[in-house]
Amino acid sequence: MKRFGRNRKINDTDTDIDMVPIMNMFLVLIPFLLSSASFFDINAIHTSVPVKQTKVNQDNPQTNETKTIIPVIEMKANTIELYALSEQVAVNDLKKWDISLKKQGEQFPLADIQRYLQDMKKHYPESDTILVIPDDNILYETIIQTMDVARNTNQNQLFPNVVLSDKI
Amino acid sequence: MALGQRRFQRTSFVIPKLQITSMMDMFTIILIFLLFSFSDNPEKLHIENGMILPKSTSQIDCNKDITVSLSSNSLKVDNQHIADINQGVISNFDHQHPEKSELYKHLMTIRHNRDSKKDQDNSAIVIFCDQHLPYKTIHQVVKTSGMAGFPNFQFAVLKK
């Protein structure tokens with residue numbers, strides 16, 4: 001009985017977990033992770049300037065699904081002009097895409113531009129290039145916002161190839 | 001009597017245990033935070049003081065081949081100062097003759113070096129530009145770069 005009581009007393013003593021190896025591991029891991037941590041996530045938007053292209057003969061009749069069209073966003077101080085260019089679409093059909101949107105306060109109507117581009121993409125799904133012509137005083141931030149709207153919506157891709165250009 | 005008491009106190013002194021539980025908690029939080037911000041491709045970038053990059057939804061990684069940095073007061077190519085910028089105007093830059101500019105000469109040197117090394121020709125210039133700069137400043141750089149044989153660009157943006 002006496003022996004049993006003594007054994008119980010020994011088992012009741014607190015057993016401390018040795019944390020020192022865990023601390024050592026943390027001290028190694030933290031500098032390593034600090035050196036490879038990225039606090040700024042920098043991405044990129046691909047763009048280009050127009051290049052001279054040779055004309056390709058296309059004898060086969062094309063439907064709207066295979067025809068390509070280049071939407072143009074002309075950013076002016078107070079308005080934004082939207083129109084389309086194409087060698088495969090009749091001039092009268094292209095004229096249907098001519099619209100002008102006014103600035104809403106200090107902001108360009110990006111939602112309206114996106115709706116316009118979505119509609120165009122629905123009509124000409126093969127098109128993937130867009131021309132952006134900003135005015136001299138348009139801020140870079142506004143250009144990037146417009147490019148974002150032109151490249152894709154939340155659901156699908158619109159015109160991923162953005163070309164910055166001078167007025168044509 | 002007093003001496004005896006003091007001796008008794010000395011013998012009963014127990015070395016205090018270091019309480020590292022709170023330190024462990026702190027390290028665990030730091031470790032989790034760093035694990036979330038871990039990048040398998042960490043890159044060192046030198047961004048000008050006061051330069052604010054615009055935010056974008058773009059998911060494309062930026063390959064820092066040739067970097068052109070456009071801040072509100074200076075133009076740099078690969079961290080080398082090329083020209084001053086004053087109110088959006090690049091100093092010593094002739095709009096009619098961009099080929100006479102320092103930027104053009106510098107880019108042409110890079111182009112020649114790459115041609116001699118038979119490097120890949122479709123290299124893109126990465127433009128780090130302050131979000132408040134007007135297009136006329138960017139246009140000068142873009143136009144000159146195109147003339148120097150670099151028609152493809154990447155605009156560096158911060159992930160939204």
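Among the contacts in chain B of this predicted model between residues at least 6 apart in sequence, 69% join residues at least 24 apart. Chain B has 160 residues, and buried residues make up 26% of them. Its secondary structure consists of four helices and eight strands, which follow the pattern α-α-β-β-β-β-β-β-α-β-α-β along the sequence.

Chain A can be described in the same terms. Residues 24 or more positions apart account for 63% of its contacts with a separation of 6 or more. Of the 168 residues of chain A, 23% count as buried. Five helices and six strands make up its secondary structure, and from the N terminus on these elements run α-α-β-β-β-α-β-α-β-α-β.

Helix H4(A) shows how a helix can be set against its surroundings. H4(A) covers residues 110-123, and at 1.5 Å a residue its 14 residues should span 20 Å; the end C-alpha atoms are 20 Å apart, which agrees. The residues A:Ile113, A:Leu117 and A:Met120 of H4(A) are buried. Seen down the helix axis, the buried residues fall within an arc of 60°, so they line one face of H4(A). The face turned away from this buried side carries the exposed residues A:Ala111, A:Asp119 and A:Lys122. The cover over the buried residues of H4(A) includes strands E2 (70-75), E3 (79-85) and E4 (99-102) of chain A, together with helix H5(A).

At 1.5 Å a residue, the 16 residues of H2(B) should span 22 Å, and its end C-alpha atoms are 23 Å apart, which agrees. H2(B) is hardly covered, however, as the count of buried residues among its 16 residues is zero.

In E2(B), B:Ile60 stands opposite A:Ala44.

In soluble globular proteins, nonpolar side chains tend to be buried together. The largest nonpolar core here has 57 residues, of which B:Ile127, B:Phe155 and B:Ala156 touch the most other members. Helix H5(A), residues 140-151, gives the most to this core, with six residues. Leaving aside neighbours within four places in sequence, B:Ala156 is in contact with A:Ile42 and A:Ala44 of chain A, and with B:Leu53, B:Cys62, B:Val126, B:Ile127 and B:Phe128 of chain B.

Several loop residues of chain B complete the picture. Most residues other than glycine have a negative phi. B:Gln87, although not a glycine, has a positive phi of about 50°. B:Gln87 lies in the loop between strand E5 (80-86) and strand E6 (89-90) of chain B, and counts as exposed, with 8 C-beta neighbours inside 10 Å. Phi is also positive, near 55°, in B:Asn92. B:Asn92 is placed in the loop between E6 and helix H3 (102-116) of chain B, and is exposed, with 11 other C-beta atoms within 10 Å. B:Gly149, in turn, is found in the loop between H4 and E8 of chain B. With 15 C-beta neighbours inside 10 Å, B:Gly149 counts as partly exposed. From C-alpha to C-alpha, B:Gly149 and B:Ile90 are 20 Å apart in space, and they are 59 residues apart in sequence.

How values were computed: Residues numbered from 1 in each chain as written. Chains lettered and ligands numbered in written order. Predicted model: local features only at pLDDT ≥ 70, side-chain atom pairs only at ≥ 80, totals over all residues. Pairing = 2+ DSSP bridges. Helix = DSSP H or I, 4+ residues; strand = E, 2+ residues; numbered from the N terminus. Core = buried A, V, L, I, M, F, W, Y, C linked by C-beta atoms within 7 Å. Buried ≥ 20, exposed ≤ 12 C-beta atoms within 10 Å, placed from the backbone. Contact = placed C-beta atoms within 7 Å. Expected span 1.5 Å × (residues − 1). Arc of directions from axis to C-beta.
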